[in-house]
Amino acid sequence: LKIDLHKATEFLDDGGNDIISRYPMRSNPRGLVLLITNIDYNLSKEKPRLSAQHDETNLKELFEQMGFKVIAKRDLTGKDIKEAVKEFSRSSDLVKVDSCFVIISSHGTEDEKHHTEIQGVDSGRGDYEKVLCTEILDYFSVDACPQLSGKPKIFVFQLCRYVTTILYSCLIDIISFSDSIQFISCYSYCFSLPRPCVCLEL
């Protein structure tokens, strides 16, 4: 995949007489991206996600061309995922940017209460620390992350959510706090697409 981005030549965020308000996107960098990609699951019984390394490379290149700063992390345990997200959400650099993306590509499932779970590379071990998508979102509420208050926060979870029925689909959920949107790559009880396509216009 060759990414060739053509940048806009003028800003279109002044609003004018538009009915739909727009977020300003003028900071340099435009925003911060936390990109977590789990590939090697040698600490658990899960199979490696070898093709995810290409997604990681392509996403990093795409966001950097769009003027974002990308913080990429790979092969994190459940505990390390939480720590990485917490550290990112508390970064003082978030005050200086106009938006943020959190993208997590990993094995996933649903727990007994049908919550979407992100599986760290140590999933299945006795000391494994479970990570729920809702926990990730909680780090970016207005109270937990005032640096991003009033700014767009986009969450992309590339995960399977069960292992019985294959259905190629994309779910978009509006989550419980303002200026945020969550993308999950498949419905409950489904495998995720190897290459889900999610389009977002800010």
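**View 1. His107 in strand β4 of the predicted model.** His107 sits in strand β4, residues 107–110. The coordinates come from a predicted model. With a relative accessibility of 16%, His107 counts as buried, because the limit for that class is under 20%. Beyond its neighbours up to four places away in sequence, His107 touches Tyr41, Glu46, Lys47, Arg49, Glu117, Ile118, Gln119 and Leu159.

**View 2. The aromatic cluster of Phe63, Phe68 and Phe101.** These three residues form one aromatic cluster. The model holds five aromatic pairs. One of them joins Phe63 and Phe68 edge-to-face, with 5.4 Å centre to centre and 85° between the planes. Both Phe63 and Phe68 are buried. Phe68 also pairs with Phe101, again edge-to-face, at 5.7 Å centre to centre and 85° between the planes. Phe68 belongs to the loop between α1 (52–65) and β2 (69–74), and Phe101 to strand β3 (residues 100–105), so this pair ties together parts 33 residues apart in sequence. Phe101 is buried, as is Phe68.

**View 3. Arg26 over the ring of Phe11.** Arg26 lies over the face of Phe11. The distance to the ring centre is 4.2 Å.

**View 4. Helix α1 and its cover.** At 1.5 Å a residue, the 14 residues of α1 should span 20 Å. The end C-alpha atoms of α1 are 20 Å apart, which agrees. Ala52, Asp55, Glu56, Asn58 and Phe63 are buried in this helix. The cover over the buried residues of α1 includes β1 (32–37), β2 and β3. Just after α1, Gly67 adopts a positive phi of about 95°.

View 5. Six of the six residues of β3 are buried. Cys100, Val102 and Ile104 point one way from β3, while Phe101, Ile103 and Ser105 point the other way. In a regular strand, side chains alternate between the two faces of the sheet. β1 and β3 run parallel and are joined by six bridges. Leu34 has Val102 of β3 as its bridge partner. β3 also pairs with strand β7 (residues 153–158), in the parallel sense and over six bridges. There, Cys100 has Lys153 of β7 as its bridge partner.

**View 6. The salt bridge of Arg74 and Glu56.** Side chains of opposite charge can pair when their charged atoms come close. The model has seven salt bridges. In one of them, the side chains of Arg74 and Glu56 meet at 2.4 Å, N to O. This pair links distant parts of the chain: Arg74 is in strand β2, Glu56 in helix α1, and they are 18 residues apart. Arg74 counts as partly exposed, at 40%.

**View 7. A salt-bridge network at Lys82.** Lys82, Glu129 and Glu135 are linked in a network of salt bridges. The side chains of Glu135 and Lys82 meet at 3.2 Å, N to O. Glu135 lies in helix α3 (residues 133–138) and Lys82 in helix α2 (residues 78–89), so the pair ties together parts 53 residues apart in sequence. Glu135 is partly exposed, with a relative accessible area of 26%. Lys82 counts as buried, at 12% relative accessibility.

**View 8. The salt bridge of Arg125 and Asp127.** The side chains of Arg125 and Asp127 meet at 3.6 Å, N to O. Arg125 counts as partly exposed, at 41% relative accessibility. Asp127 is exposed, with a relative accessible area of 59%.

Methods: Residues are numbered from 1 along each chain as its sequence is written. This is a predicted model: local features need pLDDT of at least 70, side-chain atom pairs count only at pLDDT 80 or more; totals for chains, interfaces and linings use all residues. Side-chain values use heavy atoms; hydrogens and water are left out. Helices (H or I, at least four residues) and strands (E, at least two) are DSSP runs, numbered from the N terminus. Buried means under 20% relative accessible area, exposed over 50%, partly exposed in between (1.4 Å probe, protein chains only). Contact means heavy atoms within 4.5 Å. Rings of Phe, Tyr and Trp (its six-membered ring) pair if their centres lie within 6.5 Å; planes under 30 degrees apart count as stacked, over 60 as edge-to-face and the rest as tilted. A charge sits over a ring if NZ of Lys or CZ of Arg is within 6 Å of the ring centre and within 35 degrees of the ring normal. The expected span of a helix is 1.5 Å times one less than its number of residues. Two strands pair if DSSP finds at least two bridges between them. A salt bridge is a side-chain nitrogen of Lys or Arg within 4 Å of a carboxyl oxygen of Asp or Glu.
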